[in-house]
Amino acid sequence: MPVNKGDHKVEQYIISGGSPLVGEVEICGAKNAALGILAASLMTDEPVIIENLPDVSDTNVLLQAMESIGVVVDRLSRHTVKISAGAVNSLIVESAYIKKIRASYYILGALLGKYRKASVALPGGCNIGSRPIDQHMKGFKALGASVRISHGLISTEADRLVGSHIYLDVVTVGATINIMLAASLAEGKTIIENAAKEPHVVDVANFLNSMGASIKGAGTDIIRIKGVEKLHGTTYSIIPDQIEAGTFMFAAAITRGDIMIKNVIPKHLESISAKLIEMGCEIEEFDDQLRIVAAKRLMKTHVKTLPYPGFPTDMQPQIVAALATSEGTSVVTESIFENRFRYVDELIKMGALIKVEGNSAIIEGVNRLTGALIQAPDLRAGAALVLAALAAEGESVVDDIIYIERGYEDFHIKLRSLGACIEKTDSNKDARRAVFKVS
Ligand code: UD1
């Protein structure tokens with residue numbers, strides 16, 4: 001039986017570091033695109049088939065929440081679902097799980113568009129700083145809806161939803177997608193200015209268009225939406241996950257490995273590839289795969305996270321982990337979220353020399369990290385700590401891997417297929433609290 005720690009079970013990875021990762025790995029569909037697409041699939045009464053869906057806890061929680069309001073979800077295979085939302089019986093989504101994921105707010109935009117009314121438990125997600133939703137609310141209000149927060153629920157309602165001109169004050173993926181959802185079924189035209197340009201924004205727009213929506217300009221900072229009366233069923237395959245691919249690229253870099261990363265769109269990985277090349281890696285791009293070879297010790301670099309096409313904030317912990325073992329001093333600046341360096345203390349336990357000053361981490365590369373008992377504080381930082389452990393000398397125990405499983409399918413199995421020495425423990429008996437050896 002898994003150990004209960006508060007409201008979640010304790011599961012760990014036990015990792016013996018030091019071997020280069022070599023081989024091939026297949027990347028899943030993009031989690032963050034999937035969350036928007038699953039919510040959008042509610043917006044038609046006709047069946048929708050979604051392919052290349054990652055089997056991770058965030059998408060599974062969203063599917064459970066959708067089932068709790070009467071949506072029928074048929075798993076046709078591990079990565080394909082059929083969604084039928086013709087019999088939605090409640091516009092209030094309050095299931096216990098939904099509070100844990102960020103993307104619960106997409107159900108709000110989807111239900112508002114289709115039924116002009118919705119209430120959803122306030123979004124949770126990773127603790128990486130304050131995560132306001134004022135821009136989502138501003139967008140819904142501009143479309144003519146009222147928005148109210150009370151008793152932990154965010155509720156929105158409109159007699160008529162009418163297209164509008166919305167200028168976002170910050171570049172936000174969540175608000176851009178949410179406004180696109182609601183505006184697709186509004187009357188008339190909506191223009192979103194200063195829109196987010198991430199690949200998953202484009203994927204959600206393409207999905208909505210395949211259901212009969214009229215969205216133009218996704219992928220630029222001005223998106224134009226002509227509201228339609230109804231959306232119809234479709235079959236759609238989700239794009240590959242940019243962040244999962246980037247994480248495996250850094251796994252090759254930090255272990256001085258050689259990995260062929262399959263099922264990717266190399267264009268989406270350009271900012272990541274550019275940094276890895278500066279750090280001394282070799283990258284060879286093919287149509288839908290990419291090979292990364294790290295033959296020598298990594299070199300220092302400086303980087304600032306930025307909205308797409310800049311370096312993604314979701315890759316910030318992974319690059320810091322890699323730079324912790326590079327030659328020289330690097331500076332990594334986080335410009336999207338204010339509290340995204342909480343994992344640095346864990347890297348310090350492994351011998352990293354990192355100082356956080358304001359929103360920058362100053363990293364003095366060391367020759368080698370050493371294994372330690374470390375804790376995943378959130379999804380991407382958890383993955384970065386696993387990478388550090390794979391490169392470290394000796395054994396590490398990574399605690400709280402439940403966060404990692406929110407967004408990485410079969411993470412340890414994929415790493416093991418590349419030669420990593422990694423085990424997952426899920427029992428009280430196996431759980432290693434403080435006893436670990438350094439060989
Ligand atoms: C999404 C991703 C997350 C990624 C982030 C940035 C999902 C489920 N999550 O999160 O993995 O790290 O994009 O690429 O897709 N902001 C506001 N007001 C708002 C909304 C956002 O001020 O109403 C601010 C945020 O505090 C942050 C910035 O805008 O500083 C970007 O946030 P946003 O792009 O919305 O992130 P999420 O959609 O939450």
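The model is predicted: local features need pLDDT of at least 70, side-chain atom pairs count only at pLDDT 80 or more, and totals for chains, interfaces and linings use all residues. Residues are numbered from 1 along each chain as its sequence is written, and side-chain values use heavy atoms, with hydrogens and water left out. The largest pocket has a volume of about 1200 Å³. The structure also holds two cavities of 30 Å³ or more.

**Terms for spaces**

- The search uses a 1 Å grid over the protein atoms alone. A cavity is a set of points where a 1.4 Å probe fits but cannot get out. A pocket is an open set with protein on both sides within 12 Å along at least five of seven lines. Lining residues have an atom within 4 Å of a point.
- Grid points are joined across faces, edges and corners, and a volume is the space filled by probe spheres set on the points.

**The largest pocket**

- The volume of the largest pocket is about 1200 Å³. Its lining has 49 residues, and the closest to its centre are R131, V173, G174, I336 and F337.
- The lining of the largest pocket divides into 24 nonpolar, 12 polar and 13 charged residues. Here Ala, Val, Leu, Ile, Met, Phe, Trp, Tyr, Cys and Pro count as nonpolar, Asp, Glu, Lys and Arg as charged, and the others, Gly among them, as polar.
- Several helices each supply at least two residues of this lining: α1 (31-40), α3 (104-115), α4 (134-142), α5 (173-184), α6 (199-210), α7 (242-255) and α11 (379-391). Helices (H or I, at least four residues) and strands (E, at least two) are DSSP runs, numbered from the N terminus.
- The largest pocket lies between domain 1 (11-28 + 240-433) and domain 2 (31-237), because both give residues to its lining. The domain bounds come from an automatic or database domain assignment.

**The two cavities**

- The largest cavity has a volume of about 40 Å³. C28, G29, K31, P54, V56, D241, E244, G407, Y408 and E409 line it.
- Four nonpolar, two polar and four charged residues make up the lining of the largest cavity. Domain 1 and domain 2 both give residues to this lining, so the largest cavity lies between them.
- The second largest cavity holds about 40 Å³ of space. Its lining consists of P240, D241, Q242, A245, V264, I265, H268 and L269. By class, that is five nonpolar, two polar and one charged.

**Helix packing**

- Two packed helices are described by the angle between their axes and the distance between the axes. Axes are lines fitted to C-alpha atoms, for helices over the stretch in contact, and angles run from 0 to 180 degrees between N-to-C directions.
- Angles under 35 degrees count as roughly parallel, over 145 as roughly antiparallel, 65 to 115 as roughly perpendicular and the rest as oblique. A crossing is left-handed if the near helix is turned anticlockwise from the far one by less than a right angle, and right-handed if clockwise.
- The axes of α3 and α5 come within 7 Å and cross at roughly 20°. That makes α3 roughly parallel to α5. Their crossing is right-handed.
- The axes of α1 and α6 come within 8 Å, at a crossing angle of roughly 25°. α1 and α6 are therefore roughly parallel to each other. α1 passes α6 in a right-handed crossing.
- α7 and α11 have axes 9 Å apart and pack at an angle of about 20°. These two helices, α7 and α11, are therefore roughly parallel to each other. The crossing of α7 and α11 is right-handed.

**Backbone spots in loops**

- The peptide bond from Y308 to P309 is cis, with omega near 10°. P309 sits in the loop between β20 (302-304) and α9 (316-323).
- N194 is a residue other than glycine with a positive phi, near 60°. N194 lies in the loop between β13 (189-193) and α6.
- D410, a residue other than glycine, also has a positive phi, near 50°. The loop between β25 (395-399) and α12 (411-417) holds D410.
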